[in-house]
Amino acid sequence: MSPRFALLSPECMRLLDRLEIAVWETRRGRPGGSLPSTSLGLGTRFEEHRRYAPGDDLRYLDWNALGRLGEPFTKQFAREEAGRLTLLLDRTASMASDPALESTARSVSALLAYVGLRTGYHVEVIPLPLSEEREHHGLGGFFGSGAVGELGAWIEGVEFGVPAPLFPAVRQAVAGRELGAATFLVSDLADPDAGERILRLLRAHRCQPALVQLFSPLARDPVPLGHRELLDPETGGTLRIRVTPRLRRAFLERLARFHERVRHRCRALGVRHVRLAAGQVADRAMVRRLREGGVLR
Amino acid sequence: MIGADIVFALSLRRPEALVFLVLAVPIALAYLVDPIRRRSREPFLFLWASLAAPRPWLGRLRRAGELALLLAALTLLVLAVADPGGAVLRAPARFVLLAVVPPAPGAPAGGAAASVLAGAVGRRLESVGPTDGVCVVVACAEAPRVLVPPRRGPVGEEALAALDENEGPADRTALAGLVARLAERPGGAEVHWIDPAPPAGLPATWHVHAVGAAAPSPDIAIVLARLADGALVAEATNRGPLVWRGVLRLRGQAAVRTVAALAIEPGASRRIPVELEPGETGEICVEAAATLEDWPLARASHFVPPRGRVRVLVVARGGRAPLLEILLAQLADRVDPAGSGVADSADAAALRRLERAGDPYDLAIFLEPPDPELPVAVPVLVFGGAGPLGRPREGEPARAGGVATWQRRHPLLSWVDFSPVVAEGIAPVAPAAGVEVLAEGPVGPMLLYRPGPPPRAAFPFRLERSNLALEWAFTTLLSNLIRVWGGERPELGPCAVGAPFPVPAPAGPVRVGRHGEGDVLWQGEAGEGFPFRPRRAGRFAAVTGSAVLEACFNPGGVDPAWAPPAARAAAAPVAEERGAADWRSAAALAVWIALGVLLLEWALYHRGVR
């Protein structure tokens, strides 16, 4: 029986229970492809003590504790290289321009986080830009199936619509932080250089970045004709322009080229790329899209 | 016009339409609020920015321009609906020369004439615009005095003072020479010669004002008109620069008598009712003169019809004229059967009743020539001889024949066709002096006519010895006789807008124009159809070459909205009628086109922001 998760339907969770995060490259650059081990004791990072059980490797017996307490305890280590999953959730103002974008961002984040938790990942969700309150509360720390409900609530509590540009937010979030082997950026990528700098920044952290790019169908029906004052919700910049039918067609062509460029840069940088339409809920279709994009398997 | 300032006057026929200007408030508010509605959040602003360079200041200017254009269109539309009477932009006169000849001190009524002249000069100076140049040259006994004004006020005072200082006879020759030299300046000059007795031979381009003397003046005009209720009014208009003082006198068949003594301001009109004697009829004339005995300065004539229908007396041997009685009965709308009758030619008592016009008969028809000594004051139609209208040609026998030619345009022969008429026993006659031959046959005159008074017409053959009474021509002729002699003027019939109009002049060249305006709209011979088709009802004047007849033929009586030209120019200068109408039409069309373009642009590009 799957634990309760408000963002995912039971049916979807049953479907996800059979899937796992696809990792095809280890932290050290070796080709991977296998599910990272969830057993303790093989890692390098100390996690906890537990009572010694027959058959445990004596190399991990804590002799100091045995001497002081008189009882045998075994040290548990986590495999942090393969067991961490980072979700970079874009919550800038552009993501709030369409309510469907926001809901889809929550859904896909919950879906990936659920799969991560179920398969033994340490899941951390980093809002972009960072929220001090959120960071203090739970950033970087969900583990185990028991944390599914808590993580879902945490994702639901993320507030969108922060007027800040995306790239500085990513740079601030990853500065001095060690990203998980599986790192997902959930964003519309409304960025002038088509996410080039962001993707390179993530690649520099030697993680396995994947881009889940959301796009709003409203973008295909841009601003009405006539004299308009366009406002960039992230930078606050304005542009007075007279929108004509010809200009609208040119904009749509530019938008298509922009998305093509994103896809091309992702392939060149070795970033998995999945495009999801805003308004899509966490269901079988979304799972299929993620599987086709090589994110799940 | 002398010294015209730049005048822009606008009058509105429907000023209540200005209420629609309040629409400017919501329009302006909509433009002020609209930028808020038009702000759009656009995540991919960088893509838009790469497509078009931002021009915020130009965009703001364009919006202001749109608003200004829309408000201007609204204003023009409201003005078009308000129907402006017109606007005139008069070009300023470049240079005005006033040549003033004061009256000699010893001249009759010299003092009064000098004061009148001073008033004329003063008004001329007042009418000179502030940007115009003006120069006053006063004739003196020695060299003319030239007053070049630095400002108008002192010059006026100097000019008036110069008139008082004149001590001897004015040298007009020296004045004319000096003025001619002064007028030879670049751009020319507008010369006004103000003189009690202007000399002959002045240049035609100069404006000559004979003021201060009782000389004939073209500045006074009289119009006689019959109102819708039948009352007769005389309207005198002062077109001159001075106050006109004089009398209007009525000249008719009765004695000359004064109608009114008037003082009319320049450009103003006075309308005086003309009271006729009881039963007075026929042609009357109202004249304007300085005094009751002076020569007329202007004149207007009118034919006063008798009251009611025409009463006809037929004079025949034995007192029997059954054929004429039948024919007259067909004209029941014009002939009063109760007042008409048939008398025996030997009935002296009945014939004596024709001694006074209109009492009790308006028209007499003699079937045989009457006694030449018979006193007849009513219009008469005679058969069987010319009577006083001609004398028989001795030695020529009476002959038979038809009518070869006749004056088709004569009012008496309007619509009369004499071609089938034949007669026998036509007496050869020679018309007397002043008698017109309206119809002529192979043997000589067939119809003689003398306008009167009293008017007479004569056929030199007997009615029963021709087929005239059996033809429509006779009925038509009788109708014309009764209509014209009985007081109706066919030329005063109704004139619909756009319809041709007959000109009320007996003979000679006629000029027709709008009353009170100098433009000639039509020029031709009397009796021709009036080809001008006025765009609106109004007063028109027909002026003959003798300058005696100035008739107003307004079918509905005097136009109550009519105003003297000067007053109209001051209140609302009216441009040329057709041009003004075209201007309004073009302006309205332009406004509608502009509004259409704006609405289309709005529908295409200014839909609501989602």
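**View 1. Surroundings of L16(A) in the predicted model.** In this predicted model, L16(A) is in contact with L8(A), L111(A), Y114(A), V115(A), V287(A) and L296(A), once its neighbours within four places in sequence are left aside. L16(A) also belongs to the largest nonpolar core, a set of 48 residues in which L16(A), L111(A), L112(A) and L296(A) touch the most other members. Helix α3 (residues 99–118) of chain A supplies the largest share of this core, namely ten residues. A second, separate core comprises 44 residues, among them L367(B), Y449(B), I482(B) and V484(B). In soluble globular proteins, nonpolar side chains tend to be buried together.

View 2. Chain A contains nine helices and ten strands, and 54% of its 297 residues are buried. In one detail of the chain, the charged end of R197(A) sits over the ring of F167(A), at 4.2 Å from the ring centre. In another detail, the charged end of R275(A) sits over the ring of F215(A), again at 4.2 Å from the ring centre.

**View 3. L47(B) and its contacts with chain A.** L47(B) is part of helix α2 (residues 45–51) of chain B. Not counting residues up to four places away in sequence, L47(B) touches F251(A), R254(A), L255(A) and F258(A). The relative accessible area of L47(B) is 8%, so this residue counts as buried.

**View 4. The stacked pair W193(B) and W206(B).** Over all chains the structure holds nine aromatic pairs, one of which is formed by W193(B) and W206(B), a stacked arrangement with 5.9 Å centre to centre and 20° between the planes. Because W193(B) lies in strand β7 (residues 190–195) of chain B and W206(B) in the loop between β7 and β8 (207–210) of chain B, the pair ties together parts that are 13 residues apart in sequence. Both partners are buried, W193(B) with a relative accessible area of 0% and W206(B) with a relative accessible area of 11%.

View 5. F459(B) and F461(B) form a tilted aromatic pair, with 5.4 Å centre to centre and 55° between the planes. F459(B) is buried at 2% relative accessibility, and F461(B) is likewise buried, at 1% relative accessibility. Ring pairs also link these two residues with F383(B) and F474(B) into a cluster.

**View 6. Confidence along chain B.** The mean pLDDT of chain B is 69, with 58% of its residues reaching 70 or more. Among the elements of chain B, strand β27 (residues 456–459) has the highest mean pLDDT, 91, whereas helix α10 (residues 565–571) has the lowest, 34. Over residues 150–155 of chain B the pLDDT is below 50, and this stretch has eleven contacts in the model beyond near neighbours in sequence. The pLDDT also stays under 50 over residues 544–580 of chain B, for which the model has 94 contacts beyond four places in sequence. Where pLDDT is low, the predicted coordinates should not be read in detail.

Technical notes. Residues numbered from 1 in each chain as written. Chains lettered and ligands numbered in written order. Predicted model: local features only at pLDDT ≥ 70, side-chain atom pairs only at ≥ 80, totals over all residues. Heavy atoms only, no water. pLDDT = per-residue confidence, 0-100. Helix = DSSP H or I, 4+ residues; strand = E, 2+ residues; numbered from the N terminus. Contact = heavy atoms within 4.5 Å. Buried < 20%, exposed > 50% of the residue type's maximum accessible area, 1.4 Å probe, protein only. Core = buried A, V, L, I, M, F, W, Y, C linked by side-chain atoms within 4.5 Å. Phe/Tyr/Trp six-rings, centres within 6.5 Å; stacked < 30°, edge-to-face > 60°. Lys NZ or Arg CZ within 6 Å of the ring centre and 35° of its normal.
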